[in-house]
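Hi,

Here is the structure I promised to pass on to you.

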Amino acid sequence: MPMTSAVKSSFLTLCVSMVLLLLMLSACTRPGNDIYKQQVFAFGTVVEVSIWGLDQQQARQVVAELMSGFEYLNRTLHPRQGGSLARINELLPHGADFSASPAVLPLIKQSTDLSRKSDYLFNPAIGSLVRLWQFDQMPEEGLKPPPAHAIQSLVDMNMTMENLQIKGISMRSDVKELLLDFGAIGKGFAVDKAIEQLKDMGVDNAIVNAGGDLRAIGQPGDRKWKVAVRHPRQQGMIASLDIAGDESVFTSGDYERFYEYQGQRYHHILDPRTGYPATDVMSVTVIHHDATTADAAATALFVAGPEQWHRVAKAMGIKWVMLVDKDMRVHMNPAMAQRISFTGKPPEKLILSDVL
Ligand code: ADP
Ligand code: MG
């Protein structure tokens with residue numbers, strides 16, 4: 001009997017989870033290396049936790065604690081299935097007041113602030129548009145772009161977080177089409193929560209790395225943490241960075257989730273002004289103190305593109321940016337240029353901006 005796509009994708013998820021469980025069980029402190037590393041599967045990606053300064057047994061217990069936090073947030077922030085955000089998305093179209101889960105309200109408030117600062121280029125109120133493009137259904141075969149008129153009618157509604165009325169824990173939406181999607185910030189939020197949890201457990205030196213997006217605290221002994229920035233078009237990395245202290249490095253890329261239709265590539269970062277995937281950029285990397293802001297900013301600057309990233313970064317309080325545009329030109333502010341080391345030969349076209 002042929003499998004339905006839903007069954008196929010649950011089966012795939014099960015297989016991936018089993019493989020990752022095995023990986024997790026086999027995690028260990030590598031010989032000759034005092035950094036404990038363990039990989040777990042969360043947020044649709046491999047999350048690697050690195051801890052320095054604990055013995056293996058303590059570190060393993062710490063990671064087990066983090067796992068339950070990841071699972072909880074993964075459920076809570078899913079836009080369609082089973083958790084608090086899914087419930088909010090079911091209630092928003094009714095236009096009446098309801099009580100929003102305290103698990104999601106702080107993120108709604110922080111997102112509203114970041115969305116405003118980004119000139120609404122980071123816009124978690126475009127959940128209906130994300131759904132229309134079916135990026136929330138991937139991996140799936142046979143996806144194709146939605147009809148232009150359907151995109152345009154959602155764009156014309158100009159939905160933003162300002163359409164939400166929030167008083168205490170009570171909220172409602174002015175627009176019945178508005179749905180929330182925290183795909184652009186949820187990973188950052190979860191990484192911040194994990195770092196908070198680590199600090200509460202007395203862990204001072206660690207990295208939580210969710211598929212290349214990470215926050216680091218402390219340092220491994222007298223060294224610095226070295227982190228890699230992925231090349232947007234080739235296997236491997238484009239550059240590396242030294243991190244010490246408490247900093248996050250987040251990259252948004254057009255290679256993370258995309259489908260091809262009639263020879264054209266449609267990726268998952270949408271320009272809320274047009275309703276189509278943002279053009280002109282392949283990846284944006286930002287460094288910032290907290291991961292939530294870094295995640296939202298990487299998405300916003302991706303949408304802002306080579307002409308407007310500097311203005312938006314300033315408004316969002318971001319001090320380090322690297323943007324790789326569609327022609328492989330690398331744009332950076334001078335402070336970022338001082339910190340980054342390119343792997344292999346440096347980019348042919350490097351464009352330095354004014355200071356941020
Ligand atoms: P990644 O970390 O996967 O590279 P991002 O952090 O940039 O991606 O988030 C992309 C996701 O955010 C999309 O899959 C979608 O759910 C949502 N999204 C897409 N465009 C926007 C936007 N302009 N503002 C807010 N969220 C967006
Ligand atoms: Mg993001």
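What volume does the second largest pocket have? It comes to about 300 Å³. Of the 15 residues that line this pocket, H231, M328, K345, P346 and P347 are the closest to its centre. Sorted by class, its lining has 6 nonpolar, 4 polar and 5 charged residues. (Ala, Val, Leu, Ile, Met, Phe, Trp, Tyr, Cys and Pro count as nonpolar, Asp, Glu, Lys and Arg as charged, and the others, Gly among them, as polar.)

Before you go on: this is a predicted model, where local features need pLDDT of at least 70, side-chain atom pairs count only at pLDDT 80 or more, and totals for chains, interfaces and linings use all residues. Residues are numbered from 1 along each chain as its sequence is written, chains are lettered from A and ligands numbered from 1 in the order in which they are written, and side-chain values use heavy atoms, with hydrogens and water left out.

How far can you trust it? pLDDT is the predictor's confidence in each residue, from 0 to 100. The chain's mean is 90, and 90% of its residues reach 70 or more. Over residues 1-32, though, pLDDT stays under 50. Where pLDDT is low, the predicted coordinates should not be read in detail.

Now the cavity. On a 1 Å grid over the protein atoms alone, a cavity is a set of points where a 1.4 Å probe fits but cannot get out, while a pocket is an open set with protein on both sides within 12 Å along at least five of seven lines; lining residues have an atom within 4 Å of a point. Grid points are joined across faces, edges and corners, and a volume is the space filled by probe spheres set on the points. The whole structure has 1 cavity of 30 Å³ or more, and the largest cavity is about 40 Å³. Helix α5 (residues 127-133) gives the most to its lining, with 3 residues. (Helices, H or I with at least four residues, and strands, E with at least two, are DSSP runs numbered from the N terminus.)

Lastly, strand β5 (residues 170-173). Strands pair if DSSP finds at least two bridges between them. β3 (residues 98-99) pairs with β5 in the antiparallel sense over 2 bridges, and F98 has M171 as its bridge partner. β4 (residues 164-167) also runs antiparallel to β5, joined by 4 bridges, with L164 opposite S173.

Cheers

Definitions and conventions. Contact means heavy atoms within 4.5 Å.
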